[in-house]
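Please open the model in your viewer and keep the selection panel at hand.

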Amino acid sequence: MHKCECEQPLVPVIVEVVDIKDETPDIKSFFVKNPGGQGLPFNVAPGQCAMVSYLPVGESMISCTWQEEQEYLQFAIKRVGLMTDELHQIEVGQKIGLRGPYGNGFPVEACKGKDMLFIAGGIGLAPLRSFIKYCFKHREDYGKIKIIYGSRSYADLCFKEELFELWPQQKNTEVFVTIDSAEEVWKGHVGFVPSYLEELNPSPNGVVAVTCGPPIMIKFVLGSLEKMGYTDEQVITTLEMRMKCGIGKCGRCNIGSEYICLDGPVFYLSQLRDLPQEW
Amino acid sequence: MKVLSKAKLETALNKLNQGAEVFLPMQKAQESGFYSWKLFQQGQDELMLDALNVYLPPKHVVLPQTERMYSIKLEGQDMKIEQTFEDASPRVIFGARPCDIKAILCMDEVFLTRGYEDSFYKCRREAITIVANACYQPGPACFCNAMEVNPVEPAGADIIIRDAGEAYVWETKTPKGEALTSQIAEFLEEKSLALPVAQPFIQDVKYEGTAEKLKKMFADHIWAKLGEACHNCGICTYVCPSCYCFDIQVKMWGDEGYRFRCWDSCMYEEYSREAGGGNPRGDGIERFRNRFLHKLEFFKERYGTPLCTGCGRCIVACPAGINIVKIIDEIKEAELHA
Ligand SMILES: Cc1cc2nc3c(=O)[nH]c(=O)nc-3n(C[C@H](O)[C@H](O)[C@H](O)COP(=O)(O)OP(=O)(O)OC[C@H]3O[C@@H](n4cnc5c(N)ncnc54)[C@H](O)[C@@H]3O)c2cc1C
Ligand code: SF4
Ligand code: SF4
Ligand code: FES
């Protein structure tokens with residue numbers, strides 16, 4: 001039994017799912033707060049994550065895609081395996097486990113005064129969204145905002161209302177959306193994110209680029225940015241490795257001597273260049 | 001000096017056993033390792049305090065092979081964690097060798113520093129007293145002296161014993177050690193005995209500079225050659241006193257169950273396999289490389305000391321003849337390709 005006063009970083013707190021929203025056929029947003037609806041178990045900074053747990057099945061590291069003050073924590077979760085399948089079955093009112101916040105988060109302070117370029121693919125928009133929404137909330141602190149986002153199909157585009165209605169209305173903001181292959185319903189751009197990025201060719205002057213998506217997309221985007229003249233200090237990405245503990249103990253999420261769960265998941269490209277090429 | 005006569009050892013252990021679970025090296029049937037004194041069977045088992053390294057190290061005392069973490073209870077849409085299972089019952093590791101204690105110090109770094117203290121580890125660890133058995137006669141596989149371990153004056157011990165023939169010279173180092181010493185004060189005598197003379201190491205291993213050189217060798221072809229024979233069987237991680245990687249899993253019976261953690265091995269494919277099948281270390285050689293880099297480079301970079309303590313166990317246990325000493329040699333000799 002636990003007799004001492006020490007903290008228990010590996011033991012989740014119980015939270016209540018107060019709302020669930022279908023984002024795409026295989027991504028749902030889960031809104032959680034303390035059971036009974038009183039506040040949040042902890043605060044999460046943009047880019048930080050939490051271990052979301054359907055207790056009898058497992059735990060998964062998930063980026064907190066948005067914290068609305070003391071109202072809710074939002075997680076956008078793609079159905080890919082044991083735990084996430086189970087979560088997609090639950091209904092509002094369900095209690096689940098949560099521990100965190102984990103990871104370093106985005107350097108929101110260091111980016112102040114800069115123009116921002118966000119480049120995401122698929123569920124990779126979920127972590128970037130916390131930074132994007134932070135910029136809108138502190139609009140005067142950031143310059144121009146460009147968002148380039150792509151998914152396999154129109155149906156697979158996440159956060160559609162924001163993409164097509166809310167974000168383009170924001171001051172000094174442009175949103176560019178693409179899908180992998182043509183569809184009848186889709187009148188917009190068709191093609192992969194990295195080639196769309198090169199087509200748009202946004203100038204690197206005074207810009208910080210932030211990217212997240214499938215590993216293959218990240219690789220090509222980083223290559224494109226380099227070609228376009230972005231330096232390694234101007235590029236930020238978030239990495240993903242399999243995780244268990246989330247606190248730098250269990251060993252598995254290392255790249256070289258860094259643990260993605262603790263020292264990441266957010267890195268400047270210049271930091272990654274010093275690490276073994278395992279990402 | 002205080003000494004504990006070998007003739008009184010078993011009575012002293014019986015006494016210690018009343019206040020704590022005492023783990024010490026013994027041979028049990030085909031196996032040797034650190035077992036509870038309670039399980040010692042006179043006439044069948046053999047105490048192995050004289051042996052250098054028993055097959056299995058005492059790491060399970062600080063990090064059990066499986067350990068319950070917390071209970072889980074489901075009631076409709078409700079989920080409850082009613083109990084957590086930190087275990088602070090007193091334990092003694094008696095007769096641990098300096099390399100195995102260094103391994104525990106490495107785990108202390110992992111579990112107790114860098115932002116988070118692991119409550120399960122911390123509670124157990126604080127209730128553990130370590131009695132070190134200083135080494136004067138290194139074995140054929142030993143190379144702790146090359147791995148920042150002092151075999152004669154081990155760090156991390158609460159008490160150090162030294163084999164002086166008929167008795168162990170008994171030196172108390174910490175308040176925890178004093179508490180233990182006072183429990184068996186009646187068995188200790190004042191006597192002047194000659195200390196053993198430290199013998200030279202049989203293997204000559206030169207680790208210095210390896211970590212720095214390895215930093216330039218991640219992409220080197222040498223790994224394919226070094227790891228060619230490795231089956232990724234994981235026995236090296238199992239017998240290693242400092243391999244601490246763990247998995248977290250769950251066990252349910254209907255609506256009740258618990259979450260537990262258990263040892264894991266970086267040698268296994270599932271260790272880093274992601275949902276959807278991706279794996280940054282999908283290839284056996286990549287896992288082999290990660291293990292040896294973790295031991296010899298990454299841990300040193302992060303915590304300032306290597307994660308290999310020179311105990312030699314993996315050299316003895318490996319079915320493929322992989323030898324970490326030879327690996328260090330080959331790395332030191334390798335030419336760097338630009
Ligand atoms: C820093 C970080 C942020 C993430 N953010 C999101 C997000 O916002 N939305 C989202 O949908 N997904 C996110 N993921 C991926 C998500 O963690 C995995 O998809 C999820 O763990 C799969 O769990 P599963 O049990 O359904 O799959 P299974 O394949 O059944 O996985 C079994 C176990 O493997 C582990 N695991 C498998 N794949 C991964 C993986 N890619 N990363 C970490 N652990 C894994 C989990 O611990 C899981 O319990 C993130 C991952 C990381 C590392
Ligand atoms: S014991 Fe030998 S064969 Fe087995 S995983 Fe370790 S190095 Fe490879
Ligand atoms: S790597 Fe081998 S020699 Fe080094 S501490 Fe582990 S088992 Fe002992
Ligand atoms: S998830 Fe355990 S070390 Fe990162």
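Which helix and strands of chain B do the buried residues of H5(B) pack against? They pack against helix H1 (9–19) and strands E7 (91–96), E8 (128–133), E9 (159–163), E10 (167–172) and E11 (188–190) of chain B. Here, packing rests on contact, meaning heavy atoms within 4.5 Å. Helices (H or I, at least four residues) and strands (E, at least two) are DSSP runs, numbered from the N terminus.

Before you go on, a word on the model: it is predicted, so local features need pLDDT of at least 70 and side-chain atom pairs count only at pLDDT 80 or more, while totals for chains, interfaces and linings use all residues. Residues are numbered from 1 along each chain as its sequence is written, chains are lettered from A and ligands numbered from 1 in the order in which they are written, and side-chain values use heavy atoms, with hydrogens and water left out.

**Stop 1: helix H5 of chain B**

Select residues 175–183 of chain B, which form helix H5. Its buried residues are B:Gly177, B:Leu180 and B:Thr181. They sit on the same side of H5(B), because they cover an arc of only 100° around the axis; the arc is that of the directions from the helix axis to the C-beta atoms. Now turn to the face pointing away from the buried side, where you will find the exposed residues B:Pro175, B:Glu178 and B:Ser182. Buried means under 20% relative accessible area, exposed over 50%, and partly exposed in between (1.4 Å probe, protein chains only).

**Stop 2: B:Asn133**

Next, pick B:Asn133 in strand E8 of chain B. At 2% relative accessibility, B:Asn133 counts as buried. Leaving aside neighbours within four places in sequence, B:Asn133 is in contact with B:Leu49, B:Gly95, B:Ala96, B:Arg97, B:Pro98 and B:Ile161. Look at B:Leu49 in particular: its backbone oxygen lies 3.0 Å from a polar side-chain atom of B:Asn133.

**Stop 3: B:Asp108**

Move to helix H3 (residues 98–112) of chain B and select B:Asp108. This residue counts as buried too, at 14% relative accessibility. Which side chains make polar contacts with the side chain of B:Asp108? One is that of B:Tyr121, at 2.6 Å, and another is that of B:Arg125, at 2.8 Å. A polar contact is a pair of N or O atoms within 3.5 Å; within protein, one must be able to donate a hydrogen and the other to accept it, and residues adjacent in sequence count only if both atoms are side-chain atoms.

**Stop 4: ligand 1**

Center on ligand 1, which is surrounded by 23 residues, the closest being A:Met61, A:Lys78, A:Thr84, A:Glu240 and B:Ala275. A residue is counted here if one of its heavy atoms lies within 4 Å. The site is shared between chains, because residues from chains A and B surround the ligand. Try the distance tool: an oxygen atom of ligand 1 lies 2.7 Å from a backbone N or O atom of A:Lys78, and a nitrogen atom of the ligand is 3.1 Å from a polar backbone atom of A:Ser63. Strand E4 of chain A gives the largest share of the shell, five residues.

**Stop 5: ligand 3**

Finally, select ligand 3 and its 13 surrounding residues; B:Cys240, B:Cys308, B:Cys311, B:Gly312 and B:Cys314 are the closest. Helix H9 (284–303) and helix H10 (313–317) of chain B each supply at least two residues of this shell.
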